[in-house]
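Good morning, and thank you for joining.

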Amino acid sequence: MFQNISLSQNETVQAVVSRIPREVAFITLQFHTQHRNATLSYTRMPGLGLSLTAVDSGLLSALQPGQTSLSLYLSSPDSDAVVGTGVILPFSSTDPVPGACNLESNLDNDPNVYIHYNLYETTIRFAPANIGYKRGGPPPACDQSTGTTTRWRLQYDVYQYFLPENDLSEHTLFSSIQAMADIRGVMENGKRVMTLLSSDMSRAVFNSIPGQGIIYSVIVRDPLLNSSASYVPVHTYACSFTSTLDSCQTLGKISTKVFFTITGLAGLFVCFFGHRFFKSELFCMGFSFAAFFSFVLITRTTELDYNIRLAVSAVIGVVGGVVLVMSWWRFGSVMACVVVVGLMLGFLVASIVLFTPLGDLDVFRRLDVVFWVTFCCIMITVPLFFVRWPKEGNITACGIVGAYAVILAVNAYIYTSLSYITLNILKRFLNSNFSAVFTDVPFQTTDYIMITVWVLLGVCGIVLQLYCERSRPFFPPSPYLMWLQERERRKTNVLDPSHHFPSLPSRLLARIQQLTKRRESVGEHTPLLL
């Protein structure tokens, strides 16, 4: 049974376990808080090797023959009160002993899972377990041999459990911890993401999802005795509850929200009217293309502040959009511009394909070359359809890409896992070690709503543009080429009244001359009649 405990400043709470059955060989005490540290100790006064201070902490006690009671101690190491939930779990002599072959921490038996996160990845590690033994008996040697009678036969299952999206409450966390504390709860509620052998490194790397609560748990199994035991589960939100600038409650910088709000509005316009306003569409696509890759380049080569990087990327994006529009205006090559639009759609399609469980295959996680070759092949294949159906392909790209820009704008205010379709690719660009990360993300009610919105916006935008553009030319003509044709027509068509007017520079020069001397009339300005 779980118990919620409140620890005030300088208070020590004694946890007493009594009436322990004789078949129980060892006991673990777990205590979990949301973000404040708590200290678990074997003695009333915490000491080195006899205590652990953490947000998710646990101690393992090996019992002696005839022992029927046990005392452990809880205290708050900081000046603030701590509220948490605790539970005591018993294990028999045939069950593996979690963390009994610990060589890193100060505890003799360390059943804890340690977690570390940054912007890109979340890493968990734990100490190897040992096979079970009876009360009072000597623990088996950890590294004397690697036979089937030693701890090297043990296997470790790593489980992952997602908390409800956009929910940072203590109540939800504690109820979820309770669902993932023991072996049965972990197997029923968690998702097994990997199995490690004793010969593997006891660590796993996952994708960081700031603001999303995740619980990680490890179950060690003894396949020979068909027994198992659980480590102390650990949780993370991949963000800080105490940061004054960018905490979990105020996740997302103001500059990011402004940037993606503008992006979402532009995406909504492109989704429904992109093909009609071709120059605006080209500017938006060129902006996205240039801004994305410039952000990657600036981040990998400089140490600039995030807001400065975002501002510089936006400026380069504007330049990229203008260059794409001017290339169409000057040269009139519609196909070249449509290929760029097709590459944007291809980038999104490739990101979607590798966002699925396909992207977590070992061949993609361990070999960067295979991943990027596959990504580029998908990205380049999509524009090939634009060569055969340029108008339909351009409208399709406007609908899908524009609708996804709206989803990114919503993500700036309400978390949705759909943003990680492209964010995972961005992380892989920026972090050379990101290939080893499991990129699982939760799919919950908000995500299904966002998928529905994405599909509806995309379909409505495509259908509307196909209907409105059914009787119009495939693409508008180049303004520069039209001007050249018009100028040539005026030179050769003597019936055109404009043929008999001097050029603009001549008219300006004549106007200047009028200011200095009087000019006589030179005749009619009307067209000649043949």
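Let me begin with a question: over the face of which ring does Arg151 lie? The ring is that of Trp152, and Arg151 is placed at 4.0 Å from the ring centre. Please bear in mind throughout that this is a predicted model.

Arg428 lies over the face of Phe371, at 3.7 Å from the ring centre. Phe371 in turn belongs to an aromatic cluster, which it forms with Phe289, Phe292, Phe293, Phe347, Phe364, Trp372, Phe375 and Phe429.

That brings me to the aromatic pairs, of which the count is 26. One of them joins Phe278 and Trp328, with 5.5 Å from centre to centre and 75° between the planes, an edge-to-face arrangement. Phe278 is in helix α4, residues 278-301, and Trp328 is in helix α5, residues 306-331, so this pair ties together parts that are 50 residues apart in sequence. Is Phe278 buried or exposed? It is buried, with a relative accessible area of 2%. For Trp328 the relative accessible area is 2% as well, and Trp328 is buried.

I turn now to a sheet. It is open, has three strands in the order β9-β10-β13, and its pairing is antiparallel. Which strands stand at the edges? They are β9, residues 113-117, and β13, residues 203-207; each has a single partner strand, so one side of each is left without a neighbour in the sheet. On average, and with direction ignored, neighbouring strands here are turned by 20° against each other. Between β10, residues 121-126, and β13, the antiparallel pairing runs over five bridges. Thr123, for example, has Val205 in β13 as its bridge partner.

The last topic is the cysteines. How many disulfides does the structure hold? There is one, and it is formed by Cys101 and Cys142, whose sulfur atoms are 2.0 Å apart. The link between Cys101 and Cys142 is left-handed, with -90° about the S-S bond. Cys101 sits in the loop between β8, residues 82-92, and β9, while Cys142 sits in the loop between β10 and β11, residues 155-162, so the pair ties together parts that are 41 residues apart in sequence. Both Cys101 and Cys142 are buried.

Cys271, by contrast, takes part in no disulfide; the nearest cysteine sulfur belongs to Cys460 and is 8.0 Å away. Cys271 is buried, with a relative accessible area of 0%. Cys377 is likewise in no disulfide, and its nearest cysteine sulfur, that of Cys376, is 7.1 Å away. Cys377 counts as partly exposed, at 45% relative accessibility.

How values were computed:
Residues numbered from 1 in each chain as written. Predicted model: local features only at pLDDT ≥ 70, side-chain atom pairs only at ≥ 80, totals over all residues. Heavy atoms only, no water. Phe/Tyr/Trp six-rings, centres within 6.5 Å; stacked < 30°, edge-to-face > 60°. Helix = DSSP H or I, 4+ residues; strand = E, 2+ residues; numbered from the N terminus. Buried < 20%, exposed > 50% of the residue type's maximum accessible area, 1.4 Å probe, protein only. Lys NZ or Arg CZ within 6 Å of the ring centre and 35° of its normal. Pairing = 2+ DSSP bridges. Axes fitted to C-alpha atoms, helices over the stretch in contact; angles between N-to-C directions. Disulfide = S-S within 2.5 Å.
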